Amino acid sequence: MFWLVTLLVGYLGYLLLRYHQHREKLLAIRAKFGGPDSDYFMGTFKMFKNKSIPDIFDIVIGLHKRYGQDVAIIGAFNDLVLDLSSSKNVEKILLAKTTKKSFVYDYLEPWLGTGLLISFGEKWFQRRKIITPAFHFKILDQFMDVFNEEADVLVTKLEKHVGKGEFDIYDYVTLYALDSICATSMGVRIHAQDDPNNEYAQAVKQMSVFFLRRVFSLLRQFPSLFFLYPFAREQGRVIKKLHNFTNNVIESRRSQLEQEQRLGKVEFDVNEDDLYSKRRNTFLDQLLKVSIDGKPL
């Protein structure tokens, strides 16, 4: 029993030593960038505890005002975050050859899967090569009228605030972006700007909140403990709504493309409000064509 206790104490001492050594490295990094003081174990967790998403945003902005464009934040259990906004360091990140993402991107996997956003290495390069044609300037030019139409809706929504002082533009811009992305990437209009409470728009907003709450949580480094989060079950229900919507869009468009292969043309109702004409080669079309041709996604 004595030896067992001795081994246990020795092992815990070893872990604590490794923890301390790693913390010293993080403190050296923070000294180069600047950043708030942090508790030995809890880091800056108390700074963000029980704060709303807008409050967290204000805190981060305040840190930049105090420490500069680049801020080093040491979270709980030696979890270092570099919040960079200087052009010099952002350029280094964008030009880096590695495509490995931070582990927090894994929080999005149940929703988005391991596609281009989350994947890395050979898988990332393969998917990047597949979608490159979808971003050709001639294809993007086809959607200028879509961007303009959605921008007109946005301007109309903002006009009611003219001359009335400051207001929060976040929701307006988010809904505009959601309308534009759905229209150009999937060929579907969801009219989020006109109906902010529609199911898909609300589900996307909820997932954004769930993601940020995990990013600033005490358990962020322990994904296996996600079931302990109070919103874990709710996230599952929200993801199901999102997947049902996208799966319906995919199956509808897949059927049209398969019919095109069989008949050599696409039968399409140009008066249909929810889908764009075949002339617009959307991101979804690119993916489905690759799948139909038998090439790996």
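**View 1. Residues around the centre of the second largest pocket.** In this predicted model, Phe45, Asn50, Arg213, Phe216 and Ser217 lie nearest the centre of the second largest pocket. They belong to a lining of 17 residues. Sorted by class, that lining holds 11 nonpolar, 3 polar and 3 charged residues. The space inside the second largest pocket comes to about 350 Å³.

**View 2. Where the second largest pocket sits.** Let us step back to the parts of the chain around the pocket. Both domain 1 (1-97) and domain 2 (127-296) give residues to the lining, so the second largest pocket lies between them. Among the helices, α2 (45-48) and α3 (53-67) each supply at least two of the lining residues.

View 3. The protein chain is divided into domain 1 (1-97) and domain 2 (127-296). Taken over C-alpha atoms, their centres are 34 Å apart. Domain 1 brings 10 residues to the contact, and domain 2 brings 9 residues.

**View 4. Helix α10 and its neighbours.** Helix α10 runs over residues 199-215, which makes 17 residues. From its first C-alpha to its last, α10 reaches 24 Å, close to the 24 Å expected at 1.5 Å a residue. Look along α10 for its buried residues: Tyr200, Ala201, Ala203, Val204, Met207, Phe210, Arg214 and Val215. An α-helix has 3.6 residues a turn, so residues three or four places apart point the same way.

Key
Residues are numbered from 1 along each chain as its sequence is written. This is a predicted model: local features need pLDDT of at least 70, side-chain atom pairs count only at pLDDT 80 or more; totals for chains, interfaces and linings use all residues. Side-chain values use heavy atoms; hydrogens and water are left out. On a 1 Å grid over the protein atoms alone, a cavity is a set of points where a 1.4 Å probe fits but cannot get out, and a pocket is an open set with protein on both sides within 12 Å along at least five of seven lines; lining residues have an atom within 4 Å of a point. Grid points are joined across faces, edges and corners, and a volume is the space filled by probe spheres set on the points. Helices (H or I, at least four residues) and strands (E, at least two) are DSSP runs, numbered from the N terminus. Ala, Val, Leu, Ile, Met, Phe, Trp, Tyr, Cys and Pro count as nonpolar, Asp, Glu, Lys and Arg as charged, and the others, Gly among them, as polar. Domain bounds come from an automatic or database domain assignment. The expected span of a helix is 1.5 Å times one less than its number of residues. Buried means under 20% relative accessible area, exposed over 50%, partly exposed in between (1.4 Å probe, protein chains only). Contact means heavy atoms within 4.5 Å.
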